[in-house]
Amino acid sequence: MTLTLTEFVGAAGGGALGAALGALGGFALLGAIVMIATLISVAVPSSTLVETLAFGPVFGPHVMFASGVAAAAYAAYIRQHDSARDITAPLIVYNKMSIIGVGAAFGMLGQLLARLVGEIPAAHTSSGKEIAMTDSLAVSVVLTALIATVLWARKPTTERQQWLPWQNSAPAVLTIGAVAGAVAGSIYLALPEESRAMAGPFLYGVSAFSLLALVFGKAVPVTHHITLTAALTAGVVAGHTSEPSLILLAAVGAGLLASVFAEVWARLMLERCKVHLDPPAAAIAIMATLLALLQLVIA
């Protein structure tokens with residue numbers, strides 16, 4: 001594994017920006033960049049903007065979003081921020097450059113952890129296809145939040161706080177999972193075959209950008225972990241069948257699983273913690289591993 005100075009400088013800048021904008025503000029910006037990058041990649045198939053720009057060392061969720069989460073934890077620790085769980089507020093408002101510095105440091109840490117997780121040996125199918133065993137960016141998001149928890153919020157919260165009150169009942173979790181999965185599967189099938197690989201990243205970007213509403217205090221469903229994994233599942237199943245109903249059913253099933261995994265993580269981990277331990281990132285990491293195993297089984 002070779003880490004370049006360019007990566008670290010970019011990650012420091014992205015992390016500082018994530019702290020300044022706030023985790024959700026930075027994530028919404030990422031969503032806009034992902035949408036643009038995927039559309040360019042559809043028009044220009046040789047483009048690498050999705051990997052190098054959208055999910056790269058500056059704007060990637062393991063840098064910009066994760067750094068905003070860590071900076072919020074630090075800001076609460078030094079009694080500038082009301083709650084480490086509040087990831088909606090831009091932290092530049094406090095005019096404390098130490099908060100921005102923490103964002104920069106965690107940006108570099110997030111990039112390092114993503115690269116380290118990316119070094120986990122890939123599995124190979126019987127046909128020789130290489131399969132990554134997890135999503136390194138999602139795992140990095142989880143790890144940096146855990147590190148921030150150890151540094152600044154080791155004591156569990158005395159009062160449990162729900163993740164998304166409008167999305168935590170069983171009917172809501174299942175409905176949103178099924179609907180978002182169906183949307184992802186339908187859009188995957190609607191795209192030209194040569195562009196379908198971009199369905200997952202594009203829908204991730206759309207879902208991420210929609211979370212800008214949360215910054216302004218408006219309730220919206222959180223679905224990026226659902227739409228991404230549902231579209232990726234549709235792609236795996238489409239490699240073995242051309243039957244649209246089966247592909248769509250697989251996407252709905254994946255959407256349900258991702259939605260449930262996120263809510264389980266929220267109830268077991270996030271509700272007991274003072275820092276935002278991101279349920280969607282945990283769900284993406286789990287689903288990526290399950291998808292890898294599925295590909296190995298049905299190869």
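**Exercise 1. Which residues does Gln-80 touch, not counting residues up to four places away in sequence?**

Start with the contacts, where contact means heavy atoms within 4.5 Å. Gln-80 touches Ala-75, Tyr-94, Lys-96 and Ile-99. Before going on, keep in mind that this is a predicted model: local features need pLDDT of at least 70, side-chain atom pairs count only at pLDDT 80 or more, and totals for chains, interfaces and linings use all residues. Numbering runs from 1 along each chain as its sequence is written, and side-chain values use heavy atoms, with hydrogens and water left out.

Helices here are DSSP runs (H or I, at least four residues), numbered from the N terminus. Then check accessibility: Gln-80 comes out at 27%, so it counts as partly exposed. The cut-offs are under 20% relative accessible area for buried, over 50% for exposed and partly exposed in between (1.4 Å probe, protein chains only). Last, Leu-91 is eleven residues away along the chain, and its C-alpha atom is 9.2 Å from that of Gln-80.

**Exercise 2. Work out how α4 and its residue Ala-72 are placed.**

Now the burial: twelve of the 14 residues of α4 are buried, so the helix is largely enclosed by the rest of the structure. The cover includes α1 (5–21), α2, α5 (97–117) and α6 (136–152).

Zoom in on Ala-72, which is buried at a relative accessible area of 1%. Leaving aside neighbours within four places in sequence, Ala-72 is in contact with His-81, Ala-84, Asp-86 and Leu-91. Of these, Asp-86 is 14 residues along the chain from Ala-72, with 7.1 Å between the C-alpha atoms.

To finish, step past the helix: Arg-79 follows α4 and has a positive phi, near 65°.

**Exercise 3. At what angle do α2 and α8 pack?**

Helix α2 (residues 23–43) and helix α8 (residues 199–210) pack at about 150°, their axes 7 Å apart. Axes are lines fitted to C-alpha atoms, for helices over the stretch in contact, and angles run from 0 to 180 degrees between N-to-C directions. The pair is therefore roughly antiparallel, a label for angles over 145 degrees.

Technical notes: Helix = DSSP H or I, 4+ residues; strand = E, 2+ residues; numbered from the N terminus. Parallel < 35°, antiparallel > 145°, perpendicular 65-115°, else oblique.
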